[in-house]
Amino acid sequence: MHTRSKTNNDERNYSIYLQFVMKNFFAFFVSLFVVSTGWAQQNLLPYAKPIIGTEKMGHTFPGATVPFGAVQLSPDTDTIPYEVSGRYNKDVYKYCAGYQYDDKTIVGFSHTHFSGTGHSDLGDFLIMPTTGKLQLNPGTEDKPENGYRSQFSHNSEVVEPGYYKVQLDDHSIQAELTTTTRTGFHQYAFPKTEEAHIILDLMAGIYNYEDKNVWTFVRVENDTLITGYRQTNGWSRTRTVYFAMSFSKPFKEYGAQDYSKKQVYRGFWRKFDQSKNHPDLAGKQLRMYFDFATAGGEKIKVKFALSPVSSRNALLNMEKEIPHWDFERTKSEAQALWNKELNKIQVQTLNEEDKVNFYTAMYHAALMPTVYMDVNGEYKGLDQNVHKAEGFTNYTSLSLWDTYRAFHPYLNLINPSRNADIVKSMLTHYDQSALEMLPIWTHYANDNWCMSGYHSVSVIADAVIKGNAPFDANHALEACVATARKRSYEGIGDYIDLGYIPADKNGTSVSSTLEYAYDDWCIAQLAKKLGKDELYKEFNKRSENWRNVYDASIGFMRPRLSDGSFKKDLDVLKTDGQGFIEGNAWNFSLYVPHNPAAMIDLMGGKKRFTSHLDSLFTMDLPDEFFADTEDITREGIIGNYVHGNEPAHHVAYLYNWTDQPWKTQERIRMILKHQYHNGPAGLGGNDDAGQMSAWYLFSAMGFYPVSPGSDQYWLGSPLVKEALINLENGRQFKVEVIGQSEKNIFVKRVLLNGKELTRRYITHQDIATGGTLTFHMSSKPNKQL
């Protein structure tokens with residue numbers, strides 16, 4: 001055994017001293033916030049329910065994190081492998097966030113999780129406290145006694161922003177979790193036993209497969225401190241995460257087991273017995289254990305910090321963020337951060353269910369992207385070198401196919417400085433890219449290239465157009481243009497030459513053509529803003545390429561072949577194999593967010609289009625048509641409108657371009673009630689890194705950004721009675737709703753700052769300068785509006 005480098009007596013004494021102070025910490029923070037901002041902060045934590053979306057398809061996690069934190073410390077409820085017998089295991093899809101509400105056991109608590117995604121990775125560094133006979137195998141759900149996992153009951157779960165608690169029934173251990181930005185804080189209350197263990201499973205992971213762990217290194221520094229790293233090859237192919245792990249109590253002894261395949265070459269490490277009390281470990285498949293003797297109710301605490309750069313930086317993160325062992329202090333600080341985030345919008349609603357949905361949506365819209373740098377600003381870049389973020393916070397995990405639609409416009413509204421930092425993160429990605437491209441779907445110094453389009457350009461253009469550009473906008477335009485001209489990437493060469501992507505060369509040719517056209521419009525707006533006329537003309541022309549995949553003979557967008565002919569045998573209901581990514585022709589044919597008026601004209605005019613849109617919401621889409629698309633399920637469908645996936649999120653607002661805008665109001669209120677509920681199964685589909693939640697937030701307040709890259713928010717029907725948006729610039733924008741009720745879903749009239757609003761949208765400037773938007777509601781549509 002190694003000698004402990006120092007005792008924790010001073011920190012324990014400090015912890016005792018702080019207990020009295022921390023009892024009033026939250027009240028003090030609220031008082032300080034009122035003084036500094038001039039408006040009263042409410043306690044909104046009870047209305048944010050992280051458990052919502054953890055059942056079925058929401059793919060959210062219930063564990064502890066802080067807003068946009070690098071650590072998401074959460075329970076994992078099973079160990080489903082990505083593949084079985086060399087084939088994709090469809091059951092793994094349920095575990096994108098590691099947790100499924102219907103499961104009866106907890107395998108352990110890992111430190112990294114995506115929120116709401118439809119593919120996955122992460123689940124790093126799983127910790128599990130146990131008692132009794134040491135078992136390093138996780139066991140199975142039907143026979144948990146054969147491993148270290150434990151049965152649990154939801155009755156013992158406490159799930160709050162920044163805090164998670166559960167009773168591990170098989171081990172009689174109470175587990176509590178909280179976090180800072182880069183450090184997870186565990187607190188385990190053990191029974192009286194000589195056989196207490198804490199397992200560190202370095203093999204565990206989400207979307208795991210046998211060769212996913214490329215290499216793992218662990219160093220036992222002393223009897224309370226462990227450091228190391230793990231490199232994996234998953235969705236992110238060269239992801240290395242470093243860690244530092246500190247115990248509040250010295251362990252009696254420790255050991256490890258290497259489950260790696262027999263290696264051809266192992267050198268001369270055979271001279272050591274590496275299975276017990278060996279401080280220098282390396283391998284592909286490692287599990288470790290640390291043994292303790294505990295008194296009844298004794299709490300063993302673990303701090304676990306992450307770094308993208310080094311174990312030294314991980315330790316630095318830990319020392320800076322939690323320089324003590326006071327769990328309650330860290331929990332209070334985490335929850336204060338959450339309450340500050342939630343208070344950026346203060347709402348009054350007709351009932352508590354709506355208020356819970358609203359603040360849970362705000363919670364889910366602050367989980368991704370995540371901070372990707374250490375407290376000293378260092379991070380590993382796309383070139384695998386160490387860089388330092390100067391003057392901004394670097395972010396990773398950008399699910400841009402989802403989030404450009406409403407999530408980033410939402411940040412531009414309530415959190416513009418963070419969104420600007422995200423754009424700066426995109427530009428550093430571009431600068432480090434050997435391909436000279438902006439990110440498509442980036443995490444942990446990698447681009448996984450998931451989904452279609454090049455939607456970084458939408459996020460950048462939206463920020464610049466809305467005046468949120470504390471970065472080099474000309475360099476940003478350069479990056480957008482370089483990405484859009486990358487001929488070798490997913491059909492861009494053919495798209496430039498032919499004006500569409502041929503279906504005989506690309507399986508998602510139609511949706512990619514449509515998405516590229518919208519992205520090109522964004523680049524055109526950016527170029528126009530910066531006075532680059534030739535670039536504006538080039539990309540404005542490209543933005544009309546959506547017309548090239550419209551087949552007027554059937555009234556739908558349709559795959560087109562290299563010879564110019566349309567592909568035969570199109571099934572307009574089927575969501576796979578028809579040229580569209582995660583959608584069908586009915587939904588994707590309405591994807592021209594940058595030019596709805598022209599799309600409506602091409603489809604036969606306002607009257608015919610209105611009838612077509614009515615049919616989308618009222619017809620039936622049988623299960624057989626989406627059976628092979630795992631991102632679409634029955635819960636997320638209304639008629640043939642797929643709200644549980646993103647491509648049609650703007651569609652209900654398209655009635656605003658017809659003579660029947662009241663139908664937008666009717667549809668929006670229907671979607672809000674149908675797709676968002678309280679309880680674990682409260683989401684109709686993957687939350688997709690906050691996009692589903694951002695749609696809710698905008699729509700509940702009565703307006704939505706149909707076309708990011710424009711400064712317009714189109715009106716719907718608000719669900720709230722009142723919303724006060726506390727803007728970052730110190731101003732406030734108020735939405736007040738007169739005559740709000742469950743039946744009064746139609747808008748009778750709209751006032752902006754007391755004056756009649758004669759258009760069907762408001763602008764970003766209307767909001768940013770502060771003011772009041774007043775909706776007068778009715779049970780009957782105003783057909784003159």
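Helices (H or I, at least four residues) and strands (E, at least two) are DSSP runs, numbered from the N terminus.

Hello everyone! What you see above is a predicted model, so local features need pLDDT of at least 70, side-chain atom pairs count only at pLDDT 80 or more, and totals for chains, interfaces and linings use all residues. Residues are numbered from 1 along each chain as its sequence is written, and side-chain values use heavy atoms, leaving out hydrogens and water.

First, helix α5. How many of its 13 residues are buried? The count is 11, so α5 is largely enclosed by the rest of the structure. Among those buried residues are F358, Y359, M362 and H364. They pack against α4 (327-342), β20 (345-348), α7 (407-414), α17 (662-675) and α18 (691-701), where contact means heavy atoms within 4.5 Å. At the start of α5, a side-chain oxygen of N351 comes to within 3.3 Å of the backbone nitrogen of E353.

On a 1 Å grid over the protein atoms alone, a cavity is a set of points where a 1.4 Å probe fits but cannot get out; a pocket is an open set with protein on both sides within 12 Å along at least five of seven lines; and lining residues have an atom within 4 Å of a point. A volume is the space filled by probe spheres set on the points, which are joined across faces, edges and corners.

A70, L306, P308, V371 and Y444 are the closest to its centre, out of 13 lining residues. Strands β19 (299-307) and β21 (370-371) each supply at least two residues of that lining.

Finally, the largest pocket has a volume of about 590 Å³. Of its 34 lining residues, M203, N208, Y209, E210 and Q285 lie nearest the centre. By class, this lining has 14 nonpolar, nine polar and 11 charged residues; Ala, Val, Leu, Ile, Met, Phe, Trp, Tyr, Cys and Pro count as nonpolar, Asp, Glu, Lys and Arg as charged, and the others, Gly among them, as polar.

Conventions
Buried < 20%, exposed > 50% of the residue type's maximum accessible area, 1.4 Å probe, protein only. Polar contact = N/O pair within 3.5 Å; in protein donor to acceptor, adjacent residues only side chain to side chain.
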